[in-house]
Amino acid sequence: MEVYVFRLFHRKERDKRVTTHCALVSRAFLAKKMFYCGDKDENLENKIKDVVKRFGGNFEIEYVKDWKNFIKNFNGIKVHLTMYGIPLTKKIDEIKKFEKILVIVGSEKVPKEVYEISDYNISITLQPHSEIAALAIFLDKIFEGKEFEYEFENAKIKIIPQERGKKVVKSE
Ligand SMILES: C[S@@+](CC[C@H](N)C(=O)[O-])C[C@H]1O[C@@H](n2cnc3c(N)ncnc32)[C@H](O)[C@@H]1O
């Protein structure tokens, strides 16, 4: 199964940490790529590329100019995460049947059209929280916890788990 993330309406200054964390969570929890729209942000893209270079894998980040066309033309199932949607627990078996999934997360106000052009509007609890948390839970459930075992290819930095302290193996 291939999962892609679409982060809506990034604001360069206000959202720099949250959007960075959306991308880091997407990568760590096994999404293939994060698309984003709003302000194009070279700093954000470089930060993520640098993490990929050091920690491995093939995760990509790409700016999208026309969000509506992009969602409409995505050739897979489109799942918009929103606290107003149907609980993930009720739809997860259905969603897991698809080979290609676009997970859409918002920032501030999400336009009505996003609800309409998405195939599923899915909630991760019916409480307001965060796109980072919603994304992490969605990906963890979809991949059934596989991220815990996953080893990224070509990593220059590898962490060896410790009861206490930090152990890092570096290679060039
Ligand atoms: C900080 S929230 C703001 C949502 C905004 N107030 C609205 O009405 O659309 C940002 C994003 O987090 C995600 N999110 C927050 N709570 C959620 C929940 N309970 N279930 C699923 N996604 C959620 C949604 O993708 C949302 O667009």
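This is a predicted model: local features need pLDDT of at least 70, side-chain atom pairs count only at pLDDT 80 or more; totals for chains, interfaces and linings use all residues.
**Helix packing**

Two packed helices are described by the angle between their axes and the distance between the axes. Helix 1 covers residues 16-28 and helix 2 covers residues 42-55.

| Helix pair | Angle | Axis distance |
|---|---|---|
| Helix 1 and helix 2 | about 35° | 10 Å |
| Helix 1 and helix 6 | about 5° | 9 Å |

Helix 1 passes helix 2 in a right-handed crossing. On the helix 1 side, the residues that meet helix 2 are Lys16, Thr19, Thr20, Ala23 and Leu24. Their partners in helix 2 are Leu44, Lys47, Ile48 and Val51. By class, this contact of helix 1 with helix 2 has 5 nonpolar, 2 polar and 2 charged residues.

Helix 1 also packs with helix 6, at an angle of about 5°. Angles under 35 degrees count as roughly parallel, and helix 1 and helix 6 are therefore roughly parallel to each other. Helix 1 contributes Val18, His21, Cys22, Val25 and Ser26 to this contact, while helix 6 contributes Glu131, Ile132, Leu135 and Ala136. The contact of helix 1 with helix 6 has 6 nonpolar, 2 polar and 1 charged residues.

**Chain as a whole**

The chain has 6 helices and 8 strands. From the N terminus on, its elements run β-α-β-α-β-α-β-α-β-α-β-α-β-β. The C-alpha atoms fill a box of roughly 50 × 35 × 30 Å, taken along the principal axes. For a chain of 172 residues, a compact globule would have a radius of gyration near 16 Å, and the chain agrees with this, since it has 16 Å.

Key. Residues are numbered from 1 along each chain as its sequence is written. Axes are lines fitted to C-alpha atoms, for helices over the stretch in contact, and angles run from 0 to 180 degrees between N-to-C directions. Helices (H or I, at least four residues) and strands (E, at least two) are DSSP runs, numbered from the N terminus. A crossing is left-handed if the near helix is turned anticlockwise from the far one by less than a right angle, and right-handed if clockwise. Two residues are in contact if their C-beta atoms, placed from the backbone, lie within 7 Å. Ala, Val, Leu, Ile, Met, Phe, Trp, Tyr, Cys and Pro count as nonpolar, Asp, Glu, Lys and Arg as charged, and the others, Gly among them, as polar. Angles under 35 degrees count as roughly parallel, over 145 as roughly antiparallel, 65 to 115 as roughly perpendicular and the rest as oblique. The radius of gyration is taken over C-alpha atoms; the globule rule is 2.2 Å times the number of residues to the power 0.38.
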